[in-house]
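Here is a friendly walk through the strands and aromatic rings of a protein chain. Have a look at the sequence and the structure first, and then read on.

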Amino acid sequence: MRHPRIIIASISLAAAAAIGGGITAAAATNSAASSPPAASQQAAPTVRTVQATVGGKTETILVNAAGLPLYYYLNDTAAKSVVTGGLAALWPPLTSASPAATGLTGKLAAVTDIHGNQVAYNGHLLYTFADDRAGQVTGQGVQSFFVATPGLTAITGSQTAAGSGSPAPAAPSGNPYGY
């Protein structure tokens, strides 16, 4: 009977992360604490870099304090998240009033938006994915979310929709739905 309990516990943690909305992964995974809870004081950097396999290749990616991969959403702007409701349940925003980083050369900032103080890297708001675990990237390219890397260029102008993976058809198809 221990095996089903372990599976149920894993599902409960994933479900808690999925519906946590603005809960940071560090707060969601602090249940089996080996150190005292850090409430609003963070001992570890908010964002750091690690090596992970993305699309079959080893890449340097950004992760949160718990080691979960960080993603950006193509439809966001540098100042506004459009990730709400069910989408935010699957893609919880990374929040911190005073984000800190190690291994990054770009600009890390807290942007006040609908999620509170959401962390942004080079103007890209950052999220985790409810199905990921530390060291595991499963959300690459899902629902217009992409893994954040140290080389992620800054948002300039209105180019956030470029390369969205949903190109418009070359010629009208006559179908009102665009396909």
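## Strands and aromatic rings

Strand β1 (residues 47–54) pairs with strand β2 (residues 57–64) through 8 bridges, and the pairing is antiparallel. Please keep in mind that this is a predicted model.

One place to look is Leu 108, whose bridge partner in β5 is Tyr 121.

Now to the rings. How many aromatic pairs does the count come to? The count comes to 7 aromatic pairs. In one of them, the ring centres of Tyr 71 and Phe 129 are 6.4 Å apart and the planes stand at 75 degrees; the pair is edge-to-face because angles over 60 degrees count as such. Tyr 71 is in strand β3 (residues 71–73) and Phe 129 is in the loop between β6 and β7 (145–147), so this pair links distant parts of the chain, 58 residues apart.

Are these two residues buried or exposed? Tyr 71 counts as buried because its relative accessibility is 0%. Phe 129 also counts as buried, with a relative accessibility of 9%.

Phe 129 has another aromatic partner, Trp 91, and that pair is stacked. Trp 91 lies in the loop between α3 (85–90) and β4, while Phe 129 lies in the loop between β6 and β7, so the pair ties together parts that are 38 residues apart in sequence. Like Phe 129, Trp 91 is buried.

Here are the two pairs side by side:

| Pair | Distance between ring centres | Angle between planes | Type |
|---|---|---|---|
| Tyr 71 and Phe 129 | 6.4 Å | 75 degrees | edge-to-face |
| Trp 91 and Phe 129 | 4.1 Å | 25 degrees | stacked |

To see these rings in context, select Tyr 71, Tyr 73, Trp 91, Tyr 127, Phe 129 and Phe 145, which form one aromatic cluster.

Conventions. Residues are numbered from 1 along each chain as its sequence is written. This is a predicted model: local features need pLDDT of at least 70, side-chain atom pairs count only at pLDDT 80 or more; totals for chains, interfaces and linings use all residues. Side-chain values use heavy atoms; hydrogens and water are left out. Two strands pair if DSSP finds at least two bridges between them. Helices (H or I, at least four residues) and strands (E, at least two) are DSSP runs, numbered from the N terminus. Rings of Phe, Tyr and Trp (its six-membered ring) pair if their centres lie within 6.5 Å; planes under 30 degrees apart count as stacked, over 60 as edge-to-face and the rest as tilted. Buried means under 20% relative accessible area, exposed over 50%, partly exposed in between (1.4 Å probe, protein chains only).
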